[in-house]
Amino acid sequence: MGLAQDVNQQSPAQQPKVTPSVGKQESATSTKYPNLVDITASTGIHFDHLSSPEQKFIVESMSGGVALIDYDRDGWLDIYFTNAQSVEMALHGQKARSALYHNNHDGTFTDVTDKAGVASPCWAMGAVVGDYNNDGWPDLLVTCFGGIVLYRNNGDGTFTDATRSAGLGGDHLWATGAAFGDYDGDGWADLFVSHYVNFDLKDLPAFGSAKTCKYLGVDVQCGPRGLKGSSDSLYRNNHDGTFTDVSRQTGVDDPEDRVGLSAVWSDFDNDGKLDLFVTNDGEANYLYRNEGSGKFNDVGLASGVAANEDGLEQANMGIAIGDYLHSGRMSLLISHFDNEYAALYRNEGDMNFIDASLASGIARGTKGYVGWGDAFVDFDNDGWLDYFVVNGHVYPQVDSAHKDAKYREPKLLFENQRDGTFKNISKQVGSAIQAPQVSRGMAIGDLFNDGHLEAVIENLVGQPMILRPEDGPHNHWISFQLEGVQCDRLALNARVRVMAGDLVQLGEVISGGSYLSQNDLRIHFGLGKHEGVEKAEVLWPDGKTETLTNLSVDRFYSIREGAGVVSSAPATHLNQK
């Protein structure tokens, strides 16, 4: 998959270089940015993530993933929130209730959790979407403290727990991040699962008992430092509803037992093969280059993404992936702990990344916050990806430490200045993102099919938050939903390159990412004032490319591999309650 082939099936050496369109557009600050408005109350969503007030154990601090999934294929995004019990609840056999909300097409959602059969999968961490049996219905995978749960979509509004029948029941580790992706190019989605620390409810580390269990001079939960990490897993799809563990033979089993959190598949060197990026908490990240023939090689250190530019390993948590410079390459932005900063790794090509955190302005704006879910997102539809990150501390005890650190923290938004830098506009987009919360997972998607992207945030403490951009510039947009035929049905890691005048953008269908969360699988592009798309190239994972021309803006396009546009629809205008 990737940009190695164009419409003439050129080799990587023949592939024309994509020149970044930096500086060719109007000023990034020439029009008012939309306010991000909290619309949670109007949606009818009432969900509380359970949490222990004192958070005495690390397993109580890490949950809170959210997945956007059109589970009934009606063209509208539904929302799944994960939930987790406390240690005390677990020791007494009590479970937490996760929740699936159906989109009612009128700005509201209805709780369909019990009908769908997805209420109590496990001590849930996060969730991602894939179609493991290639039947066209999106399936849901939940990562857990104690393994993973695979929910097979039955196509009738219900799910069946297919974990054991799929051969995934042997995973009993603390699973965190996960991502579906067809690494071997056989047209079936494989599954990678990262694992966190080895934590035993029968041998609980005592609160504040060691040097690694103190922060700002106060006693806090123990870990991850001082706790042993766990190996990761890659499961190859057998095409018959089952998977085979190929972690060791492919070279992604993490023999050093690093503390894994998030993961994402993408073709980072544009050679037509899917690579894998894995964040590790407090340890070096992995960037596994796909060598073909089912083998991977960790090039994290050589590529520049294992640690920051000073060579320091950071508390790597959430993953934002996107072509923020219009270079034709996917860069990475990683959220971190409060004594660090979010790290921007600019993709220079050929598996070479530059740490642009300081030069871009991202480091200065994010230092002092504990970041989790994050994304490159174009809230104002100007055609340039901004950066949004949600925050919240790990330790409730910081509130009594009489320091600058606080348990509840605001969210942050950075506007792309179109020259490789970002401007912190967090205090210029309304009061909602300034509300201090203990946020964890975050997913981006067009909930109301109106061409505007919302952010769905799951908070570790209390209700979620849904942010909607309002009162912004009247910019154009275009959206693509891809369906594979030779590749997997959800077309994971297919890419679309759109050309509207001098604006050239690249988007990708991504499973997983952010922090324990799942974004909209549709590829959305803001177009600014451009009133048409002259050309859109769909780069399918199997190497084929389809070219579409003269597309109207402000529309959703459904593209089937080999058939082109099979349907299109204009934006929906809701009278939201």
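The largest nonpolar core of this structure has 59 residues, and those with the most contacts inside it are L140, V142, F180, L191, F480 and L482. A nonpolar core is a set of buried Ala, Val, Leu, Ile, Met, Phe, Trp, Tyr and Cys residues joined through side-chain atoms within 4.5 Å. The model is predicted, so local features need pLDDT of at least 70 and side-chain atom pairs count only at pLDDT 80 or more, whereas totals for chains, interfaces and linings use all residues. Residues are numbered from 1 along each chain as its sequence is written, and side-chain values use heavy atoms, with hydrogens and water left out.

- Leaving aside neighbours within four places in sequence, F480 is in contact (heavy atoms within 4.5 Å) with V496, V498, R522, I523, F525, A536, L548, L551, Y557 and I559.
- In soluble globular proteins, nonpolar side chains tend to be buried together.

**Aromatic pairs and charges over rings**

- The structure holds 27 aromatic pairs. Rings of Phe, Tyr and Trp (its six-membered ring) pair if their centres lie within 6.5 Å; planes under 30 degrees apart count as stacked, over 60 as edge-to-face and the rest as tilted.
- W265 and F296 form a tilted pair, because their ring centres are 6.0 Å apart and their planes stand at 55 degrees.
- This pair links distant parts of the chain, with W265 in strand β16 (residues 260-266) and F296 in strand β19 (residues 295-298), 31 residues apart. Strands (E, at least two residues) and helices (H or I, at least four) are DSSP runs, numbered from the N terminus.
- Both W265 and F296 are buried. Buried means under 20% relative accessible area, exposed over 50%, and partly exposed in between (1.4 Å probe, protein chains only).
- The rings of Y286 and Y288 have centres 5.0 Å apart and planes at 20 degrees, so this pair is stacked. Y286 is buried at a relative accessible area of 4%, and Y288 is buried at 2%.
- One aromatic cluster is formed by W123, F145, W174, Y196 and F199.
- The charged end of R73 sits over the ring of W137, 4.0 Å from its centre. The charged end of R440 sits over the ring of W372, also 4.0 Å from its centre. A charge sits over a ring if NZ of Lys or CZ of Arg is within 6 Å of the ring centre and within 35 degrees of the ring normal.

- Strand β31 (residues 476-483) pairs in the parallel sense with strand β37 (residues 555-560) over six bridges. Two strands pair if DSSP finds at least two bridges between them.
- In this pairing, I478 stands opposite R555 of β37.
- β37 also pairs in the antiparallel sense with strand β38 (residues 564-570), over six bridges, and here R555 stands opposite P570.
- β37 and β38 form a hairpin with three residues between them, and G562 in the turn has a positive phi of about 85 degrees.

**Two open sheets**

- Strand β4 (residues 99-103) and β5 run antiparallel and are joined by three bridges; the bridge partner of H102 in β5 is T110.

- T250 lies in helix α4 (residues 247-250) and is buried at 3% relative accessibility.
- T250 and K295 are 45 residues apart in sequence and 4.5 Å apart in space, C-alpha to C-alpha.
- Beyond its neighbours within four places in sequence, T250 is in contact with Y183, L234, G294, K295 and F296.
- K273 is found in the loop between β16 and β17 (275-280) and is partly exposed, with a relative accessible area of 28%.
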